[in-house]
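Please look over the sequence and the model below before reading on. The briefing that follows takes its topics one at a time and names residues so that they can be found in the picture.

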Amino acid sequence: MSSNNNFSSFDDENESKFMRKAKESPFVPIGMAGCAAVVAFGLWRLKSRGNTKMSVHLIHMRVGAQGFIVGAMTLGVIYSMYKEYSAHKDLGKDSK
């Protein structure tokens, strides 16, 4: 019975760690979800690709997924820079 208790506490620790990390950088889960959506859409379109070669279709899927990830990372960096700049700006107002 005590082993079941350990597993539930392990799940709680991991879930809270994931949620904490997601709150620190919210664009990472968005990027992961977007990548999964692009891959799912590409797999759905696989059956109706027409004369397109499989390798070209897979390259297009990869470029789309990578583009979404890079876009999410760029927005995340811009967001963190903005947050850091705003925090320093607010601290400067308090010290005057």
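The protein, shown here as a predicted model, has three helices and zero strands, so that from the N terminus on its elements run α-α-α. Of the 96 residues in the protein, buried residues make up 9%. The protein averages a pLDDT of 78, and 77% of the residues score at least 70.

**Confidence in the helices**

- Among the elements of the protein, helix H1, which covers residues 2-24, has the lowest mean pLDDT, at 65.
- Helix H2, which covers residues 27-45, has the highest mean pLDDT among the elements, at 85.

- Gly31, Gly34 and Gly42 are the buried residues of H2.
- Because these buried residues fall within an arc of 70° when seen down the axis of H2, they line one face of the helix.
- On the other side of H2, the residues Met32, Leu43 and Trp44 are exposed.

**The aromatic pair**

- The structure holds one aromatic pair, which is formed by phenylalanine 41 and tryptophan 44.
- Tryptophan 44 counts as exposed because its relative accessibility is 52%, and the cut-off for exposed is over 50%.

- Glycine 42 lies in helix H2 and counts as buried because its relative accessibility is 5%, where buried means under 20%.
- Leaving aside neighbours within four places in sequence, glycine 42 is in contact with His57 and Met61.
- Glycine 42 and arginine 62 are 20 residues apart along the chain, while their C-alpha atoms are separated by 9.2 Å.

**Histidine 57 and arginine 45**

- Histidine 57 lies in helix H3, which covers residues 54-95, and with a relative accessible area of 11% this histidine is buried.
- Not counting residues up to four places away in sequence, histidine 57 touches Gly42, Arg45, Leu46, Arg49 and Thr52.
- Arginine 45, one of the residues that histidine 57 touches, is found in helix H2.
- With a relative accessible area of 38%, arginine 45 is partly exposed, because this value lies between the 20% limit for buried and the 50% limit for exposed.
- Arginine 45 and histidine 57 are twelve residues apart in sequence, and they are 9.2 Å apart in space when taken from C-alpha to C-alpha.

**Regions named in the UniProt record**

- UniProt, in an unreviewed entry, places the feature "transmembrane region" at residues 27-46 and 58-82.
- Over residues 27-46 the chain in the model is 95% helix and 0% strand, and the end C-alpha atoms of this span are 28 Å apart.
- The span of residues 58-82 is 100% helix and 0% strand in the model, and its end C-alpha atoms lie 36 Å apart.

Note on methods
Residues numbered from 1 in each chain as written. Predicted model: local features only at pLDDT ≥ 70, side-chain atom pairs only at ≥ 80, totals over all residues. Heavy atoms only, no water. pLDDT = per-residue confidence, 0-100. Helix = DSSP H or I, 4+ residues; strand = E, 2+ residues; numbered from the N terminus. Phe/Tyr/Trp six-rings, centres within 6.5 Å; stacked < 30°, edge-to-face > 60°. Buried < 20%, exposed > 50% of the residue type's maximum accessible area, 1.4 Å probe, protein only. Arc of directions from axis to C-beta. Contact = heavy atoms within 4.5 Å. UniProt positions renumbered as here; feature names shortened; annotations may be inferred.
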